[in-house]
Amino acid sequence: MRYRSMFVALAVAMAWGCGGEEEAAPAGGGAASGAASGATGASEPAAPAAPQVVPQVCMGDRHTCVMRSTGEVFCAGLNLDGELGDGTAQTRWGWVPVAGLSGATQIACGSGHACAITARGVSCWGQNGAGELGAGHQNVTHVPVEVQGLNDATQLALGNSFSCARRASGAVSCWGDGANGRLGNGATNASSSPVAVTGLTDAAEVSAGRAHACARKNDGSVTCWGAGSSGQLGQGGDRPRDSNVPVAAQGVAGATHVAAGGNHSCAITGASVTCWGQNRYGQSGAAEGDVTVPAPVAGLTGATQLALGE
């Protein structure tokens, strides 16, 4: 998003560098005391390892959130509409914990809100003028609220006043502002609870831009919906337009990663990167002019990850 004044390096240090105290070794210099370990001489089977939680950082327009490997989430920055989720409207220059949130496994930030996946489902906090928190209302809230009916999310993608989630089945649901068709459900009205993206049942990944979203499908093709006047949906044509249902990004095949930016999109396809959409400042990698049909970025090979801005 446009206004990103927090330092990522600080956020990464926060996510990785704050561990607790080490547990003391059992007394006696070796095996733990007790009948179970001493009676038979055989050691107990090791308990299965807990799933690893990878620390994450996400940034909105004027707020930043980090998730520790413990599943705790901390945020800093502008907080007028509860973007930090700490129960106040006080802007913070230092990190504060998101109130009542624990066990997070993934976080994502939109322009003025944020969400996290937990064992209970998905919780969101921050701006809610279009229902982008998914709680069934558009009331202001400064603490996390649960997204209605969404307990199987595997990935989150947040944009400008809307949110999307990939579900375990491969379906994608979105909620919030429906302008430009950014919810992908065949309408343009807002929804304060999740609605299914039309016809999308085999998504492997989803990414949200300012007012559009794209999904990489299991077969490596890419489909996009929402704002399209700059060609960011990749549907081609002399007069690209919005779409409130997914449309195929022309010619994109074998994609292994997709990302949506402000008004452009990119995908890793084989050894190359393919981009489409607004190109006013060269952000789609073309010489000049918007790119309405996805095209490879010249001279860029071997990319493994994408990050798109405004």
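Buried means under 20% relative accessible area. The exercises below use that cut-off on a predicted model.

**Exercise 1.** Find the disulfide that Cys-115 forms, and say whether its two cysteines are buried or exposed.

*Solution.* 
Step 1. The partner of Cys-115 is Cys-124, with an S to S distance of 2.0 Å.
Step 2. The torsion about this S-S bond is about 105 degrees, so the link is right-handed.
Step 3. Cys-115 and Cys-124 are both buried.

**Exercise 2.** Classify Cys-65 and Cys-75 by accessibility, then describe the bond between them.

*Solution.* 
Step 1. Cys-65 has a relative accessible area of 1%, so Cys-65 is buried.
Step 2. Cys-75 has 0% relative accessibility and therefore counts as buried.
Step 3. A disulfide connects Cys-65 and Cys-75, with 2.1 Å from S to S.
Step 4. This pair ties together distant parts of the chain: Cys-65 lies in strand β2 and Cys-75 in strand β3, ten residues apart.

**Exercise 3.** Locate the two ends of the disulfide between Cys-58 and Cys-109, and give its handedness.

*Solution.* 
Step 1. The sulfur atoms of Cys-58 and Cys-109 are 2.0 Å apart in this disulfide.
Step 2. Cys-58 sits in strand β1 (residues 56-59) and Cys-109 in strand β5; the pair links distant parts of the chain, 51 residues apart.
Step 3. The link between Cys-58 and Cys-109 is right-handed, with 50 degrees about the S-S bond.
Step 4. Cys-58 and Cys-109 are both buried.

**Exercise 4.** State how many disulfides the structure holds, and write the pairing of the bonded cysteines in sequence order.

*Solution.* 
Step 1. There are six disulfides.
Step 2. Number the bonded cysteines along the protein chain. The pairing reads 1-4, 2-3, 5-6, 7-8, 9-10, 11-12.

**Exercise 5.** Describe the largest nonpolar core, then trace the contacts of Cys-65.

*Solution.* 
Step 1. The largest nonpolar core has 16 residues.
Step 2. Those with the most contacts inside this core are Cys-65, Val-73, Cys-75, Ile-107 and Trp-125.
Step 3. Strands β2 (63-67), β3 (73-77), β5 (106-109) and β6 (113-118) each supply at least two residues of the core.
Step 4. Set aside residues up to four places away in sequence. Cys-65 then touches, among others, Val-73, Cys-75, Ile-107 and Trp-125.
Step 5. Cys-58 and Cys-109 are also among the residues that Cys-65 touches. Those two cysteines are themselves joined by a disulfide.

Methods: Residues numbered from 1 in each chain as written. Predicted model: local features only at pLDDT ≥ 70, side-chain atom pairs only at ≥ 80, totals over all residues. Heavy atoms only, no water. Core = buried A, V, L, I, M, F, W, Y, C linked by side-chain atoms within 4.5 Å. Buried < 20%, exposed > 50% of the residue type's maximum accessible area, 1.4 Å probe, protein only. Helix = DSSP H or I, 4+ residues; strand = E, 2+ residues; numbered from the N terminus. Contact = heavy atoms within 4.5 Å. Disulfide = S-S within 2.5 Å.
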